[in-house]
Amino acid sequence: MKRLLIILAAGVPLAAAIALPTSAAAAAVAAPFTCSSLSVNAPAGTTVESVTAQRREAGTVTVPPVTPLPGAEIPGVPARCEVTVTLTHPGVGDHAKVRVWLPETGWTGRLQALGGSAFAAGDYGAGLAGAVKTGYAAATTDAGVSTYLDTTWALNSAGEVNTALLKNFADRSQHEMTVVAKQVIAKVYGKPASYSYWNGCSTGGRQGYMEAQRHPGDYDGILATAPAINWDEFEVATVWPQVVMNEEDTFPSPCEFNLFNQAAVKACDPLDGARDGLIGDPARCDFDPRRLIGRTVECEGEQETITAADAAVVRKIWDGPRTPSGRKLWAGVPIGAGFDLAGTKLDTDGTRVGAPFPVPAAWVATWLKRQPTYDLSTITYAEFAKLFEQSQAEYDKIIGTDDPDLSEFRRSGGKLLTWHGQADQLIPAQGTVDYRRRVERAMGGAHQVDDFYRLFLAPGVAHCAGDTSTGPKPTDALGALTAWVEQGKAPQTLSAAITDSSGETVTRKLCLYPSVSRYSGHGDPADAGSYYCAPVRH
């Protein structure tokens, strides 16, 4: 559970700021500020149930604990107006809360909308506080659903999927929040926002792509990190490691999984020209786990020997889901990423059994089997393939988020910026790469797509830049996006940094896809200046 807390916590977006031109900033500050008696026009298809507005003094914001995350204290948050608008869709009985925080002074004229994580549609306060600290008016929504892991809303009293709430979570609540937030900003400040941005990772990244696809005029810029696009496919695909272990009746311990990972990184590390503990281009890594058969590793005081069965399990997990006939369904866990999806635990009798990651487990048990307590250990390879196809058939149009036609977003002048860690243990970056390639095929090739949509891959970086990352993490992706939108400076690289175990700061420039970083052969391997971006050679 501790790892889960870290992973989810990493999904909290970090705000960054770049000053607007002086004239725009001055105009924003000079506008009147009102934090009372607000009225909001209901977005199409909704009714406004309530509107509250409350002025908050500057100080520390206390973010309450939300299972499974602990609470947090965010100091130095400026005085602000906090507006909450509750919407409902007539006849549905839902209650979706939109929260908008507006700094009393120092507003830069920008809106920043914050996405969610796992099954939570929005932010619980940390992202809102961070955004207003950097001069944004900030907004988020709970979509009328629940928290990170609470999926009790998924089925109605008849045991059927609550399609209205799923639509809220998938798409429409984010758009309605945007409509409401822009109204609130105009009324509180007496003028509209000059620029609007989306910022989200994981579920929040998926929401950003959905905005670009279905509501292309909502945002000037979308920062969608480690996006959970292809939701209907990858949520099933990420159950695959559990299916493999159960079908092969082999459950490697965490120590054994770590040994496989360390060996793969050691073998493929030099491929980018520098021994820096990173696999610079995982697609070129062909490490065979069978090389470790017979190797021993100490685990909790006991010596364990890697078996052929252990190696076969790892090989299938890295390879990814296939049908019983061998047809590839989806990407596997990236080589070099953690094996969180292959979680195990000791049963009451001391035997090791699978421990599925809660998010994909809930998707399969609740939305596909309609049995929240369904035992995933009973899924065979054949049943897995059927579940994969069922998820595509039933949910692609609702939550798939993989439409490659972004022509309306391009025409609107919007910019879409994505970075994805290549050691993402929960959402394989290959799904994002596949989507980008599909967009290129649909929209005239890479050069044309780069005009409005840019992708950067981050070697060694875990899901949402979590603390298991070994590679440099982007330091100001939102700043790069605002410079692209407002100044026309399209990013060729993204600055990234990490502090290693010895306390040294390691820097890199993440390369614009499809280029990859290569060591120049001279200079400090910990310095970004020692690397260049090179075309991929596969």
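Helices (H or I, at least four residues) and strands (E, at least two) are DSSP runs, numbered from the N terminus. The views below show a predicted model.

View A. The side chain of His89 makes a polar contact of 2.7 Å with the side chain of Asp94. With residues up to four places away in sequence left aside, His89 touches Gly45, Thr46, Asp94, Asn168, Arg172 and Glu176.

**View B. The open sheet of nine strands.** The strand order is β1-β4-β5-β7-β6-β8-β9-β14-β15, and the pairing is mixed. At the edges are β1 (47-56) and β15 (453-458), each of which pairs on one side only. Neighbouring strands of the sheet are turned against each other by 15° on average, direction ignored. Strands β9 (residues 221-225) and β14 (residues 415-421) are paired in the parallel sense by three bridges. Ile222 has Leu416 in β14 as its bridge partner. Helix α5 (residues 203-214) packs on the sheet, where α5 touches β8 (195-201), β9, β14 and β15. The direction of α5 makes about 140° with that of β8.

**View C. Strand β6 (residues 110-114) and the strands that pair with it.** Where do the residues of β6 lie, buried or exposed? Five of the five are buried, so β6 is largely enclosed by the rest of the structure. One side of β6 carries Arg110, Gln112 and Leu114, the other Leu111 and Ala113, and both faces are covered. Strand β6 is joined to β8 by five bridges, and the two run parallel. Across this pairing, Gln112 stands opposite Tyr197 in β8. Three bridges join β6 to strand β7 (residues 137-141), again with the strands running parallel. Here Leu111 has Ala137 in β7 as its bridge partner.

**View D. The disulfide of Cys35 and Cys81.** The structure holds five disulfides. With bonded cysteines counted along the chain, their pattern is 1-2, 3-8, 4-7, 5-6, 9-10. In the link of Cys35 to Cys81, the S to S distance is 2.1 Å. This link has 85° about the S-S bond and is right-handed. Cys35 and Cys81 are both buried.

**View E. The disulfide of Cys201 and Cys464.** The sulfur atoms of Cys201 and Cys464 are 1.9 Å apart. The disulfide is left-handed because the torsion about its S-S bond is about -105°. Distant parts of the chain are linked here, 263 residues apart: Cys201 sits in strand β8, whereas Cys464 sits in the loop between β15 and β16 (473-474). Cys201 has a relative accessible area of 6% and is buried. Cys464 likewise has a relative accessible area of 6% and is buried.

**View F. The disulfide of Cys255 and Cys299.** The sulfur atoms of Cys255 and Cys299 lie 2.0 Å apart. The link is right-handed, with 125° about the S-S bond. Cys255 belongs to helix α8 (residues 254-268) and Cys299 to strand β10 (residues 296-299), so the pair links distant parts of the chain, 44 residues apart. How do the two cysteines count, as buried or as partly exposed? Cys255 counts as partly exposed because its relative accessibility is 22%, whereas Cys299, at 6% relative accessibility, counts as buried.

**View G. Packing of helix α10 (residues 358-368) and helix α11 (residues 381-399).** The two helices pack at an angle of about 85°, and their axes are 11 Å apart. Angles of 65 to 115 degrees count as roughly perpendicular, and α10 and α11 are therefore roughly perpendicular to each other. From α10, the residues in the contact are Trp363, Val364, Trp367 and Leu368. They meet Leu387, Gln390, Ser391, Glu394, Tyr395 and Ile399 in α11.

Definitions and conventions
Residues are numbered from 1 along each chain as its sequence is written. This is a predicted model: local features need pLDDT of at least 70, side-chain atom pairs count only at pLDDT 80 or more; totals for chains, interfaces and linings use all residues. Side-chain values use heavy atoms; hydrogens and water are left out. Two strands pair if DSSP finds at least two bridges between them. Axes are lines fitted to C-alpha atoms, for helices over the stretch in contact, and angles run from 0 to 180 degrees between N-to-C directions. Contact means heavy atoms within 4.5 Å. A disulfide is a pair of cysteine sulfur atoms within 2.5 Å. Buried means under 20% relative accessible area, exposed over 50%, partly exposed in between (1.4 Å probe, protein chains only). A polar contact is a pair of N or O atoms within 3.5 Å; within protein, one must be able to donate a hydrogen and the other to accept it, and residues adjacent in sequence count only if both atoms are side-chain atoms. Angles under 35 degrees count as roughly parallel, over 145 as roughly antiparallel, 65 to 115 as roughly perpendicular and the rest as oblique.
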